[in-house]
Each structure stands twice: as C-alpha cells, then as structure tokens.
Amino acid sequence: MPMIEKVDVTLDELKHLVTNQALEGDTLLLNMGPQHPSTHGVLRLLLELDGEIIINCIPDIGFLHTGIEKNMESKTYAQAEVMTDRLDYLNTMGNNLAYCLAVEKLTELDVPERAQTVRVIFVELQRIASHLVWLGTQALDLAAQSVFLYCFREREYILDIMELCSGQRMMTTYIRPGGLWRDVPVEFEQAVRDFVAYMPKRIQQYEDLLTKNPIFLDRVRGIGKMTKEEAMAWGATGSTARGSGVNYDIRKAIPYSGYEQYDFDVPIQTDGDVYARYLVRIEEMRQSLRIIEQAVNKLPMGPFRSNNRKFVPPPRSELSRSMEAVIHHFKLWTEGYDVPKGSVYQVVESPRGELGVMLESDGGPRPYRVKWRTPSFTHIQLLSWIANGQFVADLVAIIGSIDIVLGDTDR
Amino acid sequence: MENEALKKAVQELEAKFGGEAKEFRGQIQVLLPADQIVAAATALRDRHGFEVMPDITAVDYYPQLTPRFHVVYQFNSISKNIRITLRVPLDGNQPVLPTMTHVFPNANWLERELWDMFGIKSEGHPDLRRILMPFDWEGHPLRKDYPLGYEEVQFTFNYDEIDQRKPRPKE
C-alpha cells in the first residue's frame with residue numbers, strides 16, 4: 001500500500017517568495033507564461049515588478065513533466081532508449097549518446113571505430129542544429145525576424161541528413177548501445193561534405209546581420225551578467241558558463257567517443273552577459289564544423305556495431321541461416337539483456353551544457369533507476385536571481401541566452 | 001584511483017567523515033552517514049577544489065527499509081578535472097536530510113525535486129515545495145511503491161462510468 005501524504009497548499013505558501021510591498025499592492029505581481037512565445041515552451045514566470053524593473057522572478061516549471069524517469073524503469077534497456085529522444089527534443093542524438101554510453105559502461109561493450117566516428121558527426125550536426133534554433137529564437141525575441149527564417153532553412157538541411165540515415169527528422173533513436181541502428185547510406189558522406197562546405201558562409205551571414213548591429217548590441221550588452229564564481233556555484237555548465245569565463249568542456253575534460261582525436265578549440269568569453277553567450281555559441285558552430293570535417297575525412301570502413309550477440313541483435317540476413325541468430329534475436333527483443341549490477345554516472349556535452357545520466361542496474365533487464373541531470377533544469381534556476389534588477393523587456397533576452405528547452409527541464 | 005587529488009579527497013572522507021569508498025567502472029563512490037554530508041561537501045568544496053555540484057538524486061530500494069533510500073550527490077572539480085559521487089543511506093518512510101543550500105545554492109531546486117519525487121525532506125531548506133508535479137499532488141511518484149498508472153480507454157458503453165472516476169481540479 002503506497003504511503004499517501006495529504007498536502008494542503010494555498011497561495012499563502014508563496015508569500016515568502018515576494019516582498020511585503022507586493023502584498024500591500026505597492027509593487028505589481030505579473031504572471032508571464034506558461035503560454036508566452038518568449039518563454040520558449042511552457043515555462044511560467046511569476047514576476048514582481050516595480051515599474052519596469054524586476055524585483056523578484058519566480059520560475060515555475062513542471063508543465064511538460066511526462067514522467068520519463070519513472071517510465072524508463074518499467075521498460076527494457078532497448079525500449080527505454082526511445083524515451084530519451086523525448087527529453088531534449090533539440091538534442092535527440094546527444095541524449096541517445098549519453099544513454100548508450102552509460103549502458104555501454106555498465107555492460108563493458110566495445111564500440112567499433114566507424115560507429116564512434118558517425119556518432120561524433122551526428123552529435124556535432126545536432127549541436128549546430130540546436131544552436132541554429134537558439135540563434136533564430138533569440139533573434140526573434142529581439143525582433144530580428146529574418147535571422148529566424150535563415151536559421152531554420154539551414155537546420156532543415158541537418159534534419160534531412162538525419163532522415164536520410166534514421167528515417168526520422170527528430171526522434172531518431174539512431175545511436176544504439178554497441179553502435180548504431182544501421183550503417184549510414186552511401187549518400188551520407190557527400191551530404192555532410194556539402195553541408196560543411198556551405199555552412200561557414202551562412203554563419204558569416206548571421207554574424208553580418210547581428211554581431212555589429214547597433215540595435216542588437218543595445219539589447220544584449222551588459223544584460224543578464226553572471227560572474228565566473230556565480231556560474232560555478234549555481235552549477236551553470238556548457239556555453240552559458242563559458243560565456244562567464246569557465247573554461248570547461250566535457251569533450252576536452254573527459255573525452256568520450258574518441259573526441260581526443262579531433263582538433264578543436266573551446267571558445268571562452270569573460271563578460272558573462274547575453275552578448276558573451278551569443279559570441280560563444282556562434283564560435284561553437286564553427287568549431288563543430290571543424291570536428292565534422294575531420295571526422296568525415298577519417299571515417300573508417302568496418303562494422304557499424306559491436307559483434308557481441310549477448311547485447312546487440314544479429315544482422316537480419318543471418319536470421320534465415322543461423323538458429324543461434326534466431327535465438328539471440330528473439331531473446332533480445334522479448335526479454336532484453338541482463339546488465340551487471342551497479343551504478344554509473346555518464347556525462348556528455350550537450351548543446352546546452354552538462355547532460356548527465358545516472359544509470360543504476362539491479363542486475364535485471366530493466367534499469368532500476370535512471371536519473372537525467374539536464375542542463376536546462378539548472379539554468380532555469382539561474383533566472384531566479386540573474387533577472388533581478390533588470391528591465392522586464394530584457395528578460396526575454398536573458399531567457400533566450402541561457403538556451404532552455406522545457407522538455408529537458410521537466411523530463 | 002591514480003589521481004593524487006582524488007586520492008587525498010577520498011582519504012579525508014574516509015578518515016574524518018566515516019566514509020566507505022568503492023570504485024566501479026573507474027568512478028569513485030563514497031558511502032557516507034547522513035549527518036556528515038554537509039560537512040563533507042563543505043570540505044570537498046573548500047579543500048579539494050570541487051567547485052560544482054551538478055546533481056542530487058535518490059534511489060529507492062523498497063521494500064527494503066534499512067536503508068530504504070540512497071541519496072546520490074555528484075561533485076565535479078573543474079580546476080582538477082576529477083569527479084566523485086557521495087551516497088547517503090536513509091532509513092524509513094519519512095526520511096530527513098540536512099539541506100545543502102548554503103554550501104551549493106543550486107541545491108535549492110534539486111532538493112525540491114528530491115522532496116517532490118521521493119518525499120525526502122531537507123531540513124532547513126528555505127522553500128520546500130513541489131517542483132515538477134502539481135502543488136496539490138498526492139504521493140511521491142518515483143518511489144518504488146508508487147504505481148505507474150494508466151488511463152482507461154473510454155468507449156460509448158462505459159463513457160459515463162469512467163468519466164465519473166476521472167480526477168477533477170479542486171474547487
């Protein structure tokens with residue numbers, strides 16, 4: 001019998017979050033969201049305003065909570081991976097990769113070189129796609145509509161490459177424990193090369209539109225400041241922290257999937273404002289292109305997934321010839337595979353920051369506990385103090401600059 | 001455990017705070033008693049360079065009651081590039097833990113999530129409310145004795161019957 005605790009909550013419980021002036025009516029309490037175009041999803045902010053200045057900003061999340069962690073506990077390791085796509089829907093490949101690396105760490109599966117390289121290409125393509133959505137929406141929030149249209153045009157190209165390989169534009173589930181779902185088609189290499197060739201000019205175009213545009217600069221410079229110490233204390237990661245001078249990138253610090261073989265820079269800015277984060281992400285797109293170029297040039301031939309039949313299903317062609325293959329196929333797709341007992345914490349660098357998955361196994365075919373440490377969850381918490389003292393019109397610039405995805409936050 | 005800085009941190013946790021370290025797949029996990037966790041985290045931050053606490057979460061081992069929960073803290077040192085995991089066992093159905101908010105401010109929301117999902121209270125927390133679930137929700141969803149739940153399919157013949165059982169918003 002589950003223990004049920006009766007909780008009575010009234011609005012009185014929120015009183016300690018606002019100042020006394022708000023209760024007396026001297027300041028204004030304003031509700032922003034959950035249906036507001038500039039909150040990038042279903043985020044609700046309770047704002048206490050003194051004129052146009054924000055005194056208190058109280059984020060309210062959970063509108064997109066879908067219980068993914070609970071659901072994953074009742075599915076086999078293979079089934080549970082499908083849910084990882086739905087977490088951060090702008091970084092589906094990255095979520096797949098984090099989950100697969102965690103499973104591979106627990107089961108000690110080896111991944112062939114070709115699969116590693118294709119993974120890197122896709123994760124970096126996904127990073128560019130995610131940054132394009134960020135750039136488009138950030139500019140749109142600041143009333144630069146044309147940038148949005150250009151960004152989504154280029155993003156469409158990346159989604160086409162994903163569809164080419166996985167059959168899906170967004171919910172790919174392409175990276176699997178032990179390798180990939182299937183090998184990339186022959187057209188893949190040329191498509192990636194074309195993209196790498198034409199994208200730098202496009203990034204230059206966005207920069208021409210924004211980087212030195214005085215209207216844009218007025219809206220982003222000196223807004224939403226965060227020092228290095230604050231960023232670390234509040235657990236900010238990724239490009240949001242790098243805009244404040246935190247020199248940390250998981251791809252360099254704890255390389256995974258062979259990132260140590262690629263030559264790339266980690267852009268750092270020290271101003272810690274919206275503009276600094278903008279510059280960091282623009283440069284990150286260029287560095288991602290560098291990685292993709294090196295990866296596609298070295299893309300080795302060979303198997304695209306591990307040959308360990310206890311965890312990875314046999315190829316379809318073997319099913320008509322080998323009894324062993326049929327047994328493995330049946331066992332893997334019905335009851336799944338047992339994963340050794342233990343708990344690991346695997347981190348990858350998502351476009352937003354540190355994406356961590358804590359995977360605990362009890363030795364059975366289903367994960368005992370999966371915890372997603374998502375960057376957006378930590379970053380929305382920053383809003384509760386970063387926005388204080390700013391103009392209410394600048395709040396949309398700040399929300400855009402910390403690059404949140406609500407599916408990532410609420411899980 | 002080749003890293004010198006990590007070795008030092010683990011030695012201090014074992015000697016001063018009664019920790020019990022083990023290594024699994026190259027990651028260090030230290031089991032600590034609940035009353036030592038804040039002191040241990042402060043020591044890690046001030047003396048061993050762990051500036052960031054990325055995550056707090058819990059694991060429910062129901063029906064086992066002693067300990068029923070493990071609260072899992074992750075620590076990251078950017079300057080030394082090392083990571084460590086602390087695990088705190090907690091007994092019983094209404095577990096309490098000292099809050100970490102004055103050591104790492106981002107613990108605020110993480111501990112709210114801990115309360116929301118597992119019913120683990122953080123003592124001294126400034127603002128312990130539900131965070132992901134609706135504020136009038138009953139129970140703590142990520143506990144193992146909390147059912148997964150499903151929605152019944154409404155057909156014409158049982159439409160009204162199911163409709164009556166559906167949860168309604170409070171007045």
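In this predicted model, buried residues make up 54% of the 171 residues in chain B.

The secondary structure of chain B consists of 4 helices and 7 strands, and along the sequence they follow the pattern α-β-β-α-β-β-β-β-α-β-α. Of the contacts in chain B with a separation of 6 or more, 51% are between residues 24 or more positions apart.

The overall dimensions of chain B can be set against a simple rule. A compact globule of 171 residues would have a radius of gyration near 16 Å, but the value for chain B is 20 Å. Along the principal axes, the C-alpha atoms of chain B fill a box of roughly 70 × 30 × 30 Å. One pair of residues gives a distance inside that chain: Asp160(B) and Pro89(B) are 71 residues apart along the chain, and their C-alpha atoms are separated by 47 Å. Asp160(B) belongs to helix 4 of chain B, residues 159-165. Is Asp160(B) buried or exposed? Its relative accessible area is 58%, and because the cut-off for exposed is over 50%, Asp160(B) counts as exposed.

Charge is the last topic for chain B. Its 21 positive and 26 negative charges have mean positions 4 Å apart.

Chain A has 411 residues, of which 59% count as buried. Chain A contains 16 helices and 8 strands. Of its contacts with a separation of 6 or more, residues 24 or more positions apart account for 69%. For 411 residues a compact globule would have a radius of gyration near 22 Å, and the 23 Å of chain A agrees with this. The C-alpha atoms of chain A fill a box of roughly 80 × 60 × 35 Å along the principal axes. There are 44 positive and 55 negative side chains in chain A, and the centres of the two sets lie 6 Å apart.

Helix 3 of chain A, residues 77-84, shows burial within one element: Tyr77(A), Ala80(A), Glu81(A), Met83(A) and Thr84(A) are buried. Seen down the axis of helix 3 of chain A, these buried residues fall within an arc of 155°, so they line one face of the helix. An α-helix has 3.6 residues a turn, which means that residues three or four places apart point the same way. Which elements do the buried residues of helix 3 of chain A pack against? They pack against helix 2 (68-72), helix 4 (92-107), strand 4 (175-176), strand 7 (353-361) and strand 8 (367-373) of chain A.

Note on methods. Residues are numbered from 1 along each chain as its sequence is written. Chains are lettered from A and ligands numbered from 1 in the order in which they are written. Side-chain values use heavy atoms; hydrogens and water are left out. Helices (H or I, at least four residues) and strands (E, at least two) are DSSP runs, numbered from the N terminus. The radius of gyration is taken over C-alpha atoms; the globule rule is 2.2 Å times the number of residues to the power 0.38. Buried means under 20% relative accessible area, exposed over 50%, partly exposed in between (1.4 Å probe, protein chains only). Contact means heavy atoms within 4.5 Å. Lys and Arg count as positive and Asp and Glu as negative; His and the chain ends are not counted. The place of a charge is taken as NZ of Lys, CZ of Arg, CG of Asp or CD of Glu. The arc is that of the directions from the helix axis to the C-beta atoms.
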